[in-house]
Amino acid sequence: MAYFPADMPGVEPDFDDREFWAFCGQRSLRFQACAKCGTLRHPPGPLCPKCLSSEVEWKEAHGEAVLYSFTVVHHASHAVVAANLPYVVGLVEFPAMSGVRLVSNVTDIEPGRVRIGMPLELWWDDIGQGQFVPRFRPK
Ligand SMILES: [Zn+2]
């Protein structure tokens, strides 16, 4: 069962992030890296911010996931999420992959117990139509 209700709008990839979401569809969390200088970046974009190369490769997320920051949502920005209130939107970083942070949800914990720096584990939320969204829970 998906984290949010079934009528939650699905993922609508654009030109820059379509490969990111295609990997997610295979339950593979990958970040874009510059094929020339190795700089990681997220969200995906057409050029390396460091050397301006357009050559890219995709690196599988590895190592520990840690909560960098978060907010607790108490007001529904869309009617479909009202049943999930309050819920946590977190900024997740991967210390072994410097330069990338991912906005996601922290689940399976009371919002009042969420702490910056807590180790997290990735889980794949099956939202239907072959789409999977990376979400996190305490490790
Ligand atoms: Zn580069």
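Colleague: Going by relative accessible area, buried means under 20%, exposed means over 50%, and partly exposed is what lies in between. Where does Glu-57 fall?

Modeller: This is a predicted model, so all of what follows is computed from it. Glu-57 has a relative accessible area of 31%, which is why it is partly exposed.

Colleague: What does the side chain of Glu-57 meet in a salt bridge?

Modeller: Lys-59, with N to O at 3.6 Å. Lys-59 has 37% relative accessibility, so it also counts as partly exposed.

Colleague: How many salt bridges does the structure hold?

Modeller: It holds 5. Another one pairs Glu-60 with Arg-30, where the closest N and O atoms are 3.2 Å apart. Glu-60 belongs to strand β3 (residues 56-60) and Arg-30 to strand β1 (residues 30-34), so this pair ties together parts 30 residues apart in sequence.

Colleague: And how accessible is Glu-60? What about Arg-30?

Modeller: Glu-60 is partly exposed, with a relative accessible area of 37%. Arg-30 comes out at 24% and is partly exposed as well.

Colleague: What sheet has β1 and β3 in its order?

Modeller: An open sheet of 3 strands, in the order β2-β1-β3 with antiparallel pairing. Its edge strands are β2 (40-41) and β3, each of which pairs on one side only.

Colleague: How many bridges join β1 to β3?

Modeller: There are 5, and the two strands run antiparallel. Among the paired residues is Ala-33, whose bridge partner in β3 is Glu-57.

Colleague: Changing topic. Which protein donors does the zinc ion have?

Modeller: The SG atoms of Cys-34, Cys-37, Cys-48 and Cys-51, lying 2.3 to 2.4 Å from the ion. Along the chain, the donors follow the spacing C-x2-C-x10-C-x2-C.

Colleague: Why is the arrangement around the zinc ion called tetrahedral?

Modeller: The 4 donor atoms subtend angles of 102 to 118 degrees at the zinc ion, and that makes the arrangement tetrahedral. For reference, the ideal angle for four tetrahedral donors is 109.5 degrees.

Colleague: Is Cys-34 buried or exposed? And Cys-37?

Modeller: Cys-34 is at 1% relative accessibility and counts as buried. Cys-37 has a relative accessible area of 36%, so it is partly exposed.

Colleague: Back to charges. Which salt bridge does Asp-125 form?

Modeller: Asp-125 pairs with Arg-135, and the closest N and O atoms are 2.6 Å apart. Asp-125 sits in strand β7 (residues 119-128) and Arg-135 in strand β8 (residues 131-138), so the pair ties together parts 10 residues apart in sequence.

Colleague: Are those two buried or exposed?

Modeller: Asp-125 is buried, and so is Arg-135.

Colleague: What does the side chain of Asp-17 reach, then?

Modeller: The backbone nitrogen of Asp-14, at 2.7 Å.

Colleague: Last one. Where is Arg-137 found?

Modeller: In strand β8. Its relative accessibility is 28%, so Arg-137 counts as partly exposed. From C-alpha to C-alpha, Arg-137 and Met-97 are 19 Å apart in space, and they are 40 residues apart in sequence.

Note on methods:
Residues are numbered from 1 along each chain as its sequence is written. This is a predicted model: local features need pLDDT of at least 70, side-chain atom pairs count only at pLDDT 80 or more; totals for chains, interfaces and linings use all residues. Side-chain values use heavy atoms; hydrogens and water are left out. Donors are N, O and S atoms within 2.8 Å of the metal (3.2 Å for Na, K and Ca); water is not among the atoms, so sites may look incomplete. Four donors count as tetrahedral if all angles lie between 85 and 135 degrees; four count as square planar and six as octahedral if opposite donors are over 155 degrees apart and all others between 65 and 115; anything else is irregular. Buried means under 20% relative accessible area, exposed over 50%, partly exposed in between (1.4 Å probe, protein chains only). A polar contact is a pair of N or O atoms within 3.5 Å; within protein, one must be able to donate a hydrogen and the other to accept it, and residues adjacent in sequence count only if both atoms are side-chain atoms. A salt bridge is a side-chain nitrogen of Lys or Arg within 4 Å of a carboxyl oxygen of Asp or Glu. Helices (H or I, at least four residues) and strands (E, at least two) are DSSP runs, numbered from the N terminus. Two strands pair if DSSP finds at least two bridges between them.
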